[in-house]
Amino acid sequence: MKYLTILFLALAFNCQLFAQTLPDSCKLNIGTNLGGLSDYGTEIPFVDLMKTCRTWYSKDVDNPLNPFDSEAVDSMTYRPDGYPTHIPQIVDGRPFLQKNATIWAVTDGWKAGDYVVLFDGVGELSFLGGLSNLTLVNPNKYTFSFLSPIGNLLELTIESSLATDPVRNIRVLHADYETTYLTQPFNPIWLDKLLIFKSVRFMDWGATNNWGQIDQWSWEDTTLFNWSERQQMDHYTWADSKGIPYEMMIKLMNDYDLDGWVCVPHRASNDYIDNMATLFRNTLEPQRELTVEYSNEIWNWMFGQTNWCYKYGCENTGISWPEGIVPYIQNCLDRWTAVYGSDVNRIKRAVALQTGWVDVSQRIAYNLVPSSFDVISPTYYFGLGEVADAELDVLGASATVADVESRVRMNWEINEKLWLNEIKTTISDLLNKPLFFYEGGQHITPTPFGEEPTYAQALLDIQRSTELYNLYNDWYDYIRTLQSGSQPLKLMNFSFISGRSAQYGSWGILESMTQDTTIIYAPKYSATIENMAHGGCFTFSISDVKPYDLIKIYPNPVCTQLIIQNVSKEKLMVEIFDINGRKIKNIELIDFQSTIDVSDLINGIYLLNVSSALKRVCTYKLVKN
């Protein structure tokens, strides 16, 4: 009996023991999709805010009417990095000279305080918005204060730029990051929330939907893009149709020990695909698992890639849909396989499927070479169907959170569970391919999508309710029934951070990077953390009022690796003690950053003590439950 008790305890703390019978606590390996960049977004992953600015628009010089946008931007000339060749510019047919401007229409995610703007070249910038104390420090540096970013905006205009030495490489930085942005480009506030996850999907980071298009409707161009036309590190903004460079995806994975999931653009040429695969093979750490997928939802008619694949894969060839889109998927998978060669086990080649249309999914999966892919990838969303939406519309403003919850539960019994069970039995099991869910979570939106519903307030209210917390827990319990074999199911939550919207969906499990979940309840975040495949997480807080400027530690909560940054420029000793005062772990912190593995600590209360040679001390309380 004693032996069985020990065996059970070992199983509870090690998800890989007796792999064929995983306990429920180990069945879900949950990662997250990252949000795409935009000037109005509240998920800001980089300290250089210039990378999130809106693409240039134009302004008239000395026009007394001063329109916001003179609409001459496409007639102006630019460098390969996207900066104008010179300012002002003469544009044919225009009575005024032209200059370029950009904007951040929402600055709610910005850190309050002092900012610096740096640039290379010779020219002049101007600023408009909620800033104060604007100062020209030297010809290539401005400073300003931004004390109230919430509810504000900022516009930046290039007033002049010398043709022989033009304005370029603009950087917009909080003063805290001026000396570190090159070596530490990721926003520490963002990292603090993100690193609870161990895997991320870069679909929106790569601007996969409508990639390379002016808008979602401009998809009829047959041109394929070569590798030289990908997003570049020195481009002035990454909030455009080509997204964030792959180099930054790789750096995030390597620096923070994350697994990743990349989407290959639908209009990538063979040259592009081969070089993309080569870059990841050569520079991503071998221990990082990488999942590879062709484009995103090439059956979703909202997106340009679906219309493009249909026109050139089906309509122009006479091949039925969806069979006509299969060659694009097959070619992408085959080229990644060829590049990785004997190292192909380092990647998971995913075939994404449409959960709500199983026949389409079968006709895609069955027409691919079985050995060319590794995993089947549906979604695990739950939400409202047309019938539920119609019923709630009748209730209108009187609809309650309970009304929404009951209809979500009804809908998943007659729709989502049936679809997922069929995908598992007729595709995953039949082809002997595991399930990797590329997106999922609540999809509680109106029908049609994008319509402001009469029951809008109930849709907003449920996002901060215990009812949604309960829905998530019950849904995760159902998803566990789909797991079999030795590995936990991989689920990529959609999405990480975004605000609430009844019209367009409330996708983020957090509403902002600085959300205090003790004040603004985050039911999706709480339930997701609690259902991850681990034996428990630490939360921590500072325990006294002694100096707090020695280190920064994150993520909070933490499940495995506690990341410690030395911001004091002193040699520090970091020690962890249990509640009885016994030293459990210690590390001498000489470099800027190090990690401590806390995954092996049992539930309980611990003290993390930091001390320096100058007798400065700070202490954190860690609680694992």
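I began with β2 and strand β3 (residues 98-104), which pair in the antiparallel sense over four bridges. I count two strands as paired if DSSP finds at least two bridges between them. Helices (H or I, at least four residues) and strands (E, at least two) are DSSP runs, numbered from the N terminus. I looked up K59 and found that its bridge partner in β3 is K99.

The model is predicted, so I note that local features need pLDDT of at least 70 and side-chain atom pairs count only at pLDDT 80 or more, while totals for chains, interfaces and linings use all residues. Residues are numbered from 1 along each chain as its sequence is written, and side-chain values use heavy atoms, with hydrogens and water left out.

**Entry: the sheet**

I traced an open sheet of four strands, in the order β2-β3-β8-β5, with antiparallel pairing. Its edge strands are β2 (57-60) and β5 (123-129), each of which pairs on one side only. Neighbouring strands of the sheet are turned by 30° against each other on average, direction ignored. For such angles, axes are lines fitted to C-alpha atoms, for helices over the stretch in contact, and the angles run from 0 to 180 degrees between N-to-C directions.

**Entry: backbone**

Most residues other than glycine have a negative phi, and most peptide bonds are trans. I therefore recorded the exceptions below.

The peptide bond from I87 to P88 is cis, with omega near 0°; P88 lies in the loop between β2 and β3. A cis bond also runs from F494 to S495, with omega near 5°, and S495 belongs to the loop between β18 and α12.

I found a positive phi, near 65°, at N210, in the loop between β10 (199-201) and α3 (246-256). N210 is buried, at 16% relative accessible area. Buried means under 20%, exposed over 50%, and partly exposed in between (1.4 Å probe, protein chains only). N432 has a positive phi near 60° and sits in the loop between α9 (401-431) and β16 (436-437); N432 is exposed, at 68%.

**Entry: salt bridges**

My search of the whole structure gave 34 salt bridges, each a side-chain nitrogen of Lys or Arg within 4 Å of a carboxyl oxygen of Asp or Glu.

One of them joins K490 and E289 (3.1 Å, N to O). K490 lies in strand β18 and E289 in the loop between α4 (270-283) and β12 (290-294), so the pair ties together parts that are 201 residues apart in sequence. K490 is buried, at 3% relative accessibility, whereas E289 is partly exposed, at 24%.

I then looked up R407 and E391, whose side chains meet at 2.9 Å, N to O. R407 is in helix α9 and E391 in helix α8 (residues 386-395), so this pair links parts 16 residues apart in sequence. R407 counts as buried at 17%, and E391 as partly exposed at 34%.

**Entry: H443**

H443 lies in strand β17 (residues 439-443) and is partly exposed, with a relative accessible area of 28%. Leaving out residues up to four places away in sequence, I list its contacts as Y381, F382, G383, L384 and W507; contact means heavy atoms within 4.5 Å. The C-alpha atoms of H443 and L459, 16 residues apart along the chain, are separated by 11 Å.
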